[in-house]
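Q: Hi! I'm new to this one and would like a friendly walk through it. Can we start with how some of the helices sit together?

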Amino acid sequence: MTMKIAALLAALTLGSSLTAPALAQQAAPLASSTTGTHQSAQARADALVKAMTLEEKLQLVHGYFPPLAKPVPPIAMIPSAGHVPGIPRLGIPTLRESDASLGVANQIEQRKGDVATALPASIATAATFNPKLAYEGGAMIGAEARAKTFNVLLAGGVNLTRDPWNGRNFEYLGEDPLLAGVMVGEHIKGVQSNHIVSTIKHFALNSQETGRTVLDARIGTAELRESDLLAFQLGIEGGNPASVMCAYNKVNGDYACENDWLLNKVLKRDWGYKGWVMSDWGAVHSTEKAAINGLDQDSGQELDDAMFFDTKFAEAVKAGRIPMARLDDMVRRILFGVIDSGLMDDPVPESAQPIDYARHAEVAQRAAEEGIVLLKNQGDLLPLARTAKKIVLIGAHADVGVLSGGGSSQVRSVGGAPVEIPLTKGAAASFARITWHASSPLKAIQALAPGATVTYLDGSNPKAAAAAAKRADMAIVFAWAWRTEAQDPESMALPDDQDALIDAVAGANRKTLVVVEAGGPVLMPWVSRVPAILQAWYPGQRGGEAIANILFGEVAPSGRLPITFPVAVDQAPRPEPLGLAELHAAEAGRDAGDKTVYGMSGGVASFPVDYPEGADVGYRWYAAKNRKPLFPFGFGLTYTAFRYANLKVSDGAGLTVEFDVTNSGKREGADVPQLYVEAKSAAGTRAYRLAGFEKVRLAPGETRRVSMTVDPHVIARFENGAPGGQTAGWVVDAGTYPVRVGHFAGDAALAGTARLDRAAVRP
Ligand code: BGC
């Protein structure tokens, strides 16, 4: 330690009387995430804690919800998700929190006229299988947030998709822990490259929205480590988020935000996490229990049943029911995150700064283009010939925009919302509207086919649509299924009789293409009757342009499914959300004045949701049950073909797999070769698990050798140790491991075997 640092630490330790600017200046050289180490951030956080009064410490452990909070001096609250007043005397910044999964959010336009760049849904980013795009998206959002003076982004949603109908799947990164973990880590790294804080959320097992604030998610702890928690673990290792947001639901009997096992044992002890745990909004149910069991900060406290971390908390500390050492630890963790992310040394501007929206729109467009998945292309209908003379587009407001997902992640995008439909009922009604981004597929298609007559019909009349399709060279039906936070859909079928519309149009014109705008899979009873299907997800504010570019081959499709698409709902572990009946009963019993805020399930009693599939989530469940899905995980077509050859497996103490990828077709394109390794889980099941992937762009005829080194966590089983939470960690058993390289889960274009030594990996 240099003399300067030592002197400053000593000054702070003694409760310094330095002025704020002097402190801030002297603190600056000590560390930032770019120049310093975790250790020095830790030392600085320690020193600050020692310099703080009790009141100052108490101030940091609870945040306000601006729409409901009384004004808190001295810094004005921006209408957004959260606000934690800073401590100017010590240079500790006010924390201004905004949702930011897909862009800087502005639900129901709480800040009139404040637009931001809207990326495609996170599931579309996952479908790119391109970590670089996840990083670029995060970096873009972070830059806009800084320019809008936000410094804590509630981003990094990584709950695994266990149920294809989950209302929030669009905000997450799919069903596989490796893919989701890598992508979320890159996204967080991108956000924090702006020297602001990102969360990773919702820790853990917030896998359905129905009854999310009361349900008890039940699963074996080793199985949870091998699935949802592995995604978090990889995301935290890769992205180093300054904060972890704990979830609404209970996990094995205790609320996630007061769950000793999750917060103290897994996150802080086993993973050595140094940042802070903030609650989800309205997810706190106690004072002492939550504090002792690992919660460091109560967010949006006005949304809790009582303000547990305000006066009640202060009283508990003064009475010794919460030890001062624990309060110090909470504050130290918050400060560590603020320092380690770089925020302390590089505070956000005090007033809004200009933003290069044109450049940021390109980031959104690239992500949309790489995330769109071509599911079917019979007779090479796509790419569309520019010679078509008459094209009719049908449905989903494709004349003016593309659909987005609802809830706290909703971005008011640049260009505004050409269609916006308020909700009249349901848990999302208070904070979500069905919103289209202004990115017109019609205009984008017209621009690429200037010689054609391209028209639009809203699809409300299937007969008229069929007649128009008959008169055209080809028909493109835009199908839509809106999803939102706080609600699960009651059916995975397309709403509003769209199946009948597609049938009618496909019956009238053989060349009917369906573009699906949805937050995940929808049922496709018409799959065999249409020659081509594009899964466009919610493609963000440049979605129209991205769809058009894929249709006309300006860009070759390269997205792959990050979740399995079922033929029917009963193929998945739970055909519908649990607790729906309870929710309806509670809704019926509530009087009209009793509003649900932020999806709080007022009046619903706790109910269990069992996850008997354990770690066999998604494609592993289908393999175990021998069920053939409609489209498998990892699947996606393109306009050329790729071949794999010359597999080489290097095994022993570790596992590296090499092979050649060749573009054997006639067009340039990008492929996503996938490595699957069969391994045994804690539950004793054997399943192929995704162990590596890479996006490879190749010219026709070009070959590239690809090498993938496997992270042992992905092929290990988790071994629980002695009772009482003592953990033994990850074990790779000595033995043989079948290895496959394929185009999707279940494919075995190349197959081999690895012989691995026993290895134990820390928990
Ligand atoms: C959501 C979080 C979000 C928070 C603040 C909650 O309802 O679950 O993802 O960050 O609200 O808006």
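Q: How do H6 and H14 run relative to each other?
A: This is a predicted model, and in it H6 and H14 are roughly antiparallel. Helix H6 covers residues 131-147 and helix H14 covers residues 357-371, and they pack at an angle of about 150°. An angle over 145 counts as roughly antiparallel, and that is why the pair gets this description.

Q: How far apart are the axes of H6 and H14?
A: They are 10 Å apart.

Q: And is the crossing of H6 and H14 left-handed or right-handed?
A: Left-handed.

Q: Which residues in H6 and H14 meet?
A: On the H6 side you have Leu133, Glu136, Gly137, Met140, Ala143 and Glu144. They meet Tyr357, His360, Val363, Arg366, Ala367 and Glu370 in H14. Sorted by class, the contact of H6 with H14 has 6 nonpolar, 2 polar and 4 charged residues.

Q: H6 has another partner, H7. At what angle do H6 and H7 cross?
A: At roughly 35°. Helix H7 is made of residues 177-192, and its axis and that of H6 come within 6 Å. This crossing is right-handed.

Q: What does H6 bring to the contact with H7?
A: Pro131, Ala134, Tyr135, Gly137, Gly138, Ala139, Ile141 and Gly142 come from H6. From H7, they meet Val182, Met183, Glu186, His187, Lys189, Gly190 and Val191. The residues of this contact divide into 8 nonpolar, 5 polar and 2 charged.

Q: Let's switch to H16. Which of its residues are buried?
A: Helix H16 spans residues 462-471, and Ala465, Ala466, Ala468 and Ala469 are buried there. Looking down the axis of H16, the buried residues fall within an arc of 165°, so they line one face of the helix.

Q: What's on the face of H16 turned away from its buried side?
A: You'll find the exposed residues Lys463, Lys470 and Arg471 there.

Q: And what covers the buried residues of H16?
A: The cover includes strand E11 (390-394), strand E15 (453-457), strand E16 (474-481) and helix H17 (498-508).

Q: New topic: what kind of peptide bond runs from Lys201 to His202?
A: That bond is cis, with omega near -5°. His202 sits in strand E4, which is residues 197-203. A cis peptide bond also joins Phe203 and Ala204, where omega is about 0°. Ala204 belongs to the loop between E4 and strand E5 (216-218).

Q: What about Leu205, what is its phi?
A: Its phi is positive, about 65°, although Leu205 is not a glycine. Leu205 is in the loop between E4 and E5.

Q: Is Leu205 buried or exposed?
A: Buried: its relative accessible area is 1%, and anything under 20% counts as buried.

Q: How does Asp497 look on phi?
A: Asp497 is not a glycine, and its phi is positive too, about 60°. You can find Asp497 in the loop between E16 and H17. At 62% relative accessibility, Asp497 counts as exposed.

Q: Back to E4 for a moment. Where does Ser198 stand, buried or exposed?
A: Ser198, which is in strand E4, counts as buried, with 0% relative accessibility.

Q: What is Ser198 in contact with, leaving aside its neighbours within four places in sequence?
A: Ser198 is in contact with Leu153, Ala155, Ile188, Val191, Gln192, Pro241, Ala242 and Ser243. As for Asn151, it is 47 residues from Ser198 along the chain, and their C-alpha atoms are separated by 8.5 Å.

Q: One more residue: where is Val414?
A: Val414 is in the loop between strand E12 (402-403) and strand E13 (419-422). It is partly exposed, with a relative accessible area of 27%.

Q: Which residues is Val414 in contact with, again leaving aside its neighbours within four places in sequence?
A: Those are Val115, Ala116, Thr117, Tyr357 and Gln541. Tyr357 is also one of the H14 residues that H6 meets.

Q: And how far is Val414 from Phe659?
A: They are 245 residues apart in sequence and 43 Å apart in space, C-alpha to C-alpha.

Definitions and conventions: Residues are numbered from 1 along each chain as its sequence is written. This is a predicted model: local features need pLDDT of at least 70, side-chain atom pairs count only at pLDDT 80 or more; totals for chains, interfaces and linings use all residues. Side-chain values use heavy atoms; hydrogens and water are left out. Axes are lines fitted to C-alpha atoms, for helices over the stretch in contact, and angles run from 0 to 180 degrees between N-to-C directions. Helices (H or I, at least four residues) and strands (E, at least two) are DSSP runs, numbered from the N terminus. Angles under 35 degrees count as roughly parallel, over 145 as roughly antiparallel, 65 to 115 as roughly perpendicular and the rest as oblique. A crossing is left-handed if the near helix is turned anticlockwise from the far one by less than a right angle, and right-handed if clockwise. Contact means heavy atoms within 4.5 Å. Ala, Val, Leu, Ile, Met, Phe, Trp, Tyr, Cys and Pro count as nonpolar, Asp, Glu, Lys and Arg as charged, and the others, Gly among them, as polar. Buried means under 20% relative accessible area, exposed over 50%, partly exposed in between (1.4 Å probe, protein chains only). The arc is that of the directions from the helix axis to the C-beta atoms.
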